[in-house]
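Here is a briefing on charged side-chain contacts. Look over the sequence and the structure before reading on.

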Amino acid sequence: THRGSAIVPVTLSQLQARRSGGETVANTAANAGRVIIVEREPVLLVSGGPSPVLTLFGLPGRGYALLAATNLEPGTVWGEFHRLTLTGRFANLTGLTLPPAPSFFRALEVTDATPRLELLHLGGNVFALRLEGEPGVTYTVQSTPALTGAILWSTHPTLVFTNSPGTLYWTNDADAQRFFRARKP
């Protein structure tokens, strides 16, 4: 059965020890700790301080997205700020550009097949569309000026990744708003 991931505190008290010859050790000390059990869900720990360290525990070879929100109210929108694939059982993440405080963090598993399209404003009416996806797969970028009524998607250049991510540049000359998506044909 699936029990879920957990952080289990370990406390020690009344520690007794004996040497290999059988004599009792008089001066013993015990420290509390924790055991992190990773099932399917990742476990994310955040250390405090002005430059917090995020430690992600998960399954080697799996991809994870880190998300942040400013509150925990129902309907809160979580924004993704980092994505990585674990090479071991955990990763200490430092030097990340974190959202402003107060922030709440969470992690979730993503697959390489889950494309991610990010819009970056470069200044004036120039934007960069940064697309992350699976290497060797063809992606088509589409856009529309509105998401109501009859939605008409315009097709833009097709990207075939030899590695990820890829970038397209967009100059917005007329639209007050534009929505983008990436699709596998």
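Predicted model: local features only at pLDDT ≥ 70, side-chain atom pairs only at ≥ 80, totals over all residues.

Residues are numbered from 1 along each chain as its sequence is written, and side-chain values use heavy atoms, with hydrogens and water left out.

**Salt bridges**
- The count comes to 4 salt bridges (a side-chain nitrogen of Lys or Arg within 4 Å of a carboxyl oxygen of Asp or Glu).
- Glu 80 pairs with Arg 83 at 3.0 Å, N to O.
- A network of salt bridges links Arg 40, Arg 62 and Glu 109.

**Inside the network**
- Glu 109 bridges to Arg 40, with the closest N and O atoms 3.8 Å apart. This pair links distant parts of the chain, 69 residues apart: Glu 109 is in strand E8 (104–110), Arg 40 in the loop between strands E2 (33–37) and E3 (43–46). Strands are DSSP runs of at least two residues, numbered from the N terminus.
- Glu 109 also bridges to Arg 62, at 3.4 Å from N to O. Here 47 residues separate the partners, and Arg 62 is in the loop between strands E4 (54–57) and E5 (63–69).

- Glu 109 is partly exposed at 25% relative accessible area (partly exposed lies between buried, under 20%, and exposed, over 50%, with a 1.4 Å probe and protein chains only).
- Arg 40 is partly exposed at 43%, and Arg 62 is partly exposed at 27%.
- Glu 80 is partly exposed at 26%, and Arg 83 is partly exposed at 22%.

How values were computed. Helix = DSSP H or I, 4+ residues; strand = E, 2+ residues; numbered from the N terminus.
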